[in-house]
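Dear colleague,

Please find the structure below, together with the findings from its analysis.

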Amino acid sequence: MSPDHRAFASSLVDEHLGPRLEAAGNPAGLREAAVDLAAAAFAGDADGLMRAQLRHLLHPSSSRLPDAYLADEAVAEDVLQRAAAGLRSALARAGTLVDARSFERAAAARLRDDPRLAVRAELARVPRPLTRPKPLRWSIEPAPWAGGRGPDDDPWPPAGVDAVAAMRCLPDGAAALARVDDGPRAGWTQIGMIERHQTPARRYPDRPARQVLIAVGLEVTDTEPPADSLPFAWSPWQLWTLPWRRLDPTGDADTVAHQLATGTWPAVALTDGGWTDPNYERTGLGSPPYVLAPVLAVVAALELEPTRGVCGFSLSDGDGPGLVCRQWRGHLVHDGNYQPLTPAVEGADLLVRPDLFARLRDTAGDARIHTGFSVNHRTGGEAAADED
Amino acid sequence: MARVSLAAGDPAEARRCWNRAARYMAAYGSHKDSTIHELLDPLPNLAAADPDQARTRLARVQPLAYLVAQRTDGRSTSATPHDWWRRLADLDPHAAADLAADVLLAEPGLPDGLVDAAHLQLLAVQATADPVVLAALRVTAGPGGRHLDRDVALLDRLAALAPDDPAHAAGVLPLLANALSATYDDQPLIYASDADGPEPTTVLRDAAHRLGGDGPPPRTPKPDSNSSSERRARAPADIATFLHAQQRPALPPGAVGAVAAVRDHGSKPYNDDPDAPRWSAEALTNAIGWRLMQVAADNGADAAAQLLYRVADEFGALGATALLADVGAGLELRRDTDPGTFDRLASVAHTLAFAKIRGGGGRLTFAGRDRLDLWQRAQALDAAAAAATLADQVASAVAGRRYGTIGVTQALVAAFAARPPDPTRPAPADALACWDAAFAVIAHRLPGTADIGPGTYEPTTGPVVQCNIDIALSRLALATLAMPERADRRRTLVAATVMLAARPAEAQAAAARVLAADLGAGPLTWLLRVLSDGLRDAPLADDLAAQLVTLARSDLLSVRVEAANVLAAAGLPVPDPPATLAHPALACAIAAEDLP
């Protein structure tokens, strides 16, 4: 084992496990043990496996990493769990005896790589829907600039962006929100939508990284929402899996209804389930960039509970699913080296059943409902910085 | 080595080295060896006649398929192991799924092109598998599994599930429809080698809607890059060429006229209108057929048969040899007038058509396996004439031009498996003998030991019931958890979630095997967590419970805790967690922390 292996192991553990160890309170010696074990693994055959993986997944000239759970990340997870398995013995040697099962259950809950969000997000994946407010129809074509072959064929920024870039709300209030045209949720209203079109920098033709971000969200307010803000609040993603009273034990439905009728609030939240959120908890399975949810007050006012059984992001009442978040990604691009292919378009929306939308309008007051809206585009380093 | 041995005074060893080198140079002298397909391609035909014998031969040919790819220059042959895996999926789907899963689980974290080939072929051929299992397998195939007709058919089979099928109650059908149709979004926006797939259609969207899925909006396919060359090929002809094509040729009577008709038809310019009167296939068939009858009436059946041979030769390697089948059909129509003569002539015509129509989309210079119906018809009409004609054609191909024999072996094997040349012999005996004879020659030309890795095939004997195939397919679906890309791993966990809800027996059997592999803490924890959520308090199958007991004693914390949780939820005894030795750094740090 060389100093290089140790330095690499140290950076590996910090990169992949740092936030998790920190959230677990940095148990004494666990990081050092993990670094030691990781260095030994990379002095062994993990390095060879990683090279073989990259050979399979990348073009020889590729300069970007694939979206894969590679040997380095796998080693980091292995060594953390192997080292953590010795926690109980270490405590015993120091004279502290614990109940084996409950101690290990609690330790694992803090230190494991939890797949539930990633699996839910994949279960919520749908083919990219074209549902969006009319002023955003120009965004239906995925990253229209991606296929351009030269300076005379470079639709950037996309036609339509400039016309709406300065707007903060769409005219016509709630009527501006889009409705689903067909399929099992025909007639449902899209109260939130976020979609990112992004291409990496490439040569031949020489193009910088580019990104267009579109966000739409229902907002309830007596005044114009603040400029240059997203039409979203923030929420934990567990809002999809836990009854709202467990997230807000002090809340009650009457108070919430009063707040909805008089307060100023976005109805839609970005959650910490998307990897673009600063509080996102990294997982080896990866996550979408954005996971939307209704704000807690909406869930309470509509008396929704997490849908039982197998589902993606879904809340139900007595009549079945009433509010869902759909995820999509696709339309692959590369940086000129053919591999890796990454989605040019990733997005999510929030749909509400017609009867629940009517209740929401009644509760909030139709005149106070705005269709909040944000569009921005970036090139070069700013756009690239938003890549994973 | 020969020189070294000579210098060391060991001429016998030097000779052995030289002979070995000479054999390898002759066998693998940087040339392609497509004759391996003569053994691989007719295996499904053998299997139709005798599945056990076909599987035995599939096992025998496995090392050769690998050797061709590993030892030759790879031109046109680098995919022969992939072809072998596809044949395995055709002949022994249970073993294909099992072996593919073994390969993935033996090298977790590495993709495998051979497994991909088997995976996709299983989707293509397992049309009668449980639709929920097949849909799970399709979801785990990702964008590589896109195939509009098959996907629509699969969605329709899911929609046709009985109302009391657990898939309805579990609510997984919309999820399967979405997971499957969402792969149509994994389409490159810009050129990216072979990642292109079909675009979604209205039919696909409607099929997804019937299951409660969102359904992909239809998209227009990208323009075909060949369209410009087609436009060039159909450029308007000059007036003289046009007039020539509009006139039927003046042909003499008798044998001379038949040959002249074929020659005139063969003179068609490449880009001339094929529908012009001069190039009419029907007119040529009539010109040959009526003259054949004239020769038969005037000069006897032997002379007519000779004319048939002459006409077939006149078509050449790239001619419209399919017309020979029409000539045969025409002769059959008149068999009532003189059954002896016309049965024989029709049999000869059908056999010639079988031998001369290039198989494999034109790749094979001799027959192939595409028109076995012609051989069967020829045999039914006059077995002796058919056998003699085919033998004559094979002899001509062997004695003839270079590359003329491509397709001979597979044509004979497939033909004799469908109908033996001697109707008194058992059906596949001659086919097996042909295959074995070819194998001996080709194996001699492919010396050495193949590196097959963990995918060595042991042939299955006897029939395998569909429920066991379904379990093997489930296992392959869950084994894709070992693939490196995150999207593949997520899709696998979606498949596992769906199967646990709708097909718990298959899911548990598959999970037991996958959990036995050394997948690492991450993937094992993910799958165990999905099991925990999916099983809740459902009873556990014995093999899964046993594997969970093993994992509950693992030296990986999250793995043993999750395994213990599943056991406890099922009401089974949970082993005490082992006292894993603490790493010295951990022990020292905790001891130091606890010091007063």
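In strand β7 (residues 292-294) of chain A, L292(A) stands opposite L270(A). The latter belongs to strand β6 (residues 268-271) of chain A, and β6(A) and β7(A) pair in the antiparallel sense over three bridges; strands are DSSP runs (E, at least two residues) and helices likewise (H or I, at least four), numbered from the N terminus, and two strands pair if DSSP finds at least two bridges between them. Strand β4 (residues 233-235) of chain A is joined to β6(A) by three bridges and runs parallel to it, with T271(A) as the bridge partner of S235(A). V268(A) and L270(A) point one way from β6(A), A269(A) and T271(A) point the other way, and all are buried (20 or more other C-beta atoms within 10 Å of the residue's own, the C-beta atoms being placed from the backbone).

This is a predicted model, in which local features need pLDDT of at least 70 and side-chain atom pairs count only at pLDDT 80 or more, while totals for chains, interfaces and linings use all residues. Residues are numbered from 1 along each chain as its sequence is written, and chains are lettered from A and ligands numbered from 1 in the order in which they are written.

Strand β2 (residues 189-199) of chain A is largely enclosed by the rest of the structure, because 11 of its 11 residues are buried. β2(A) pairs in the antiparallel sense with strand β11 (residues 342-352) of chain A over eight bridges, and V345(A) is the bridge partner of H197(A). β2(A) also pairs with strand β3 (residues 210-220) of chain A, again antiparallel and over eight bridges; here R196(A) has L213(A) as its bridge partner.

In chain B, the axes of helix α21 (residues 372-381) and helix α23 (residues 408-418) come within 10 Å and cross at roughly 50 degrees (axes are lines fitted to C-alpha atoms over the stretch in contact, with angles from 0 to 180 degrees between N-to-C directions). L372(B), W375(B) and Q376(B) in α21(B) meet A414(B), A415(B) and A418(B) in α23(B), contact requiring C-beta atoms, placed from the backbone, within 7 Å. By class, this contact has five nonpolar, one polar and no charged residues (nonpolar: Ala, Val, Leu, Ile, Met, Phe, Trp, Tyr, Cys and Pro; charged: Asp, Glu, Lys and Arg; polar: the others, Gly among them).

The contact between the chains takes 79 residues from chain A and 70 residues from chain B. On the side of chain A that touches chain B, α4(A) gives the most, with eight residues.

With kind regards

Terms used: A residue is buried if 20 or more other C-beta atoms lie within 10 Å of its own, exposed if 12 or fewer, and partly exposed in between; C-beta atoms are placed from the backbone. Two residues are in contact if their C-beta atoms, placed from the backbone, lie within 7 Å.
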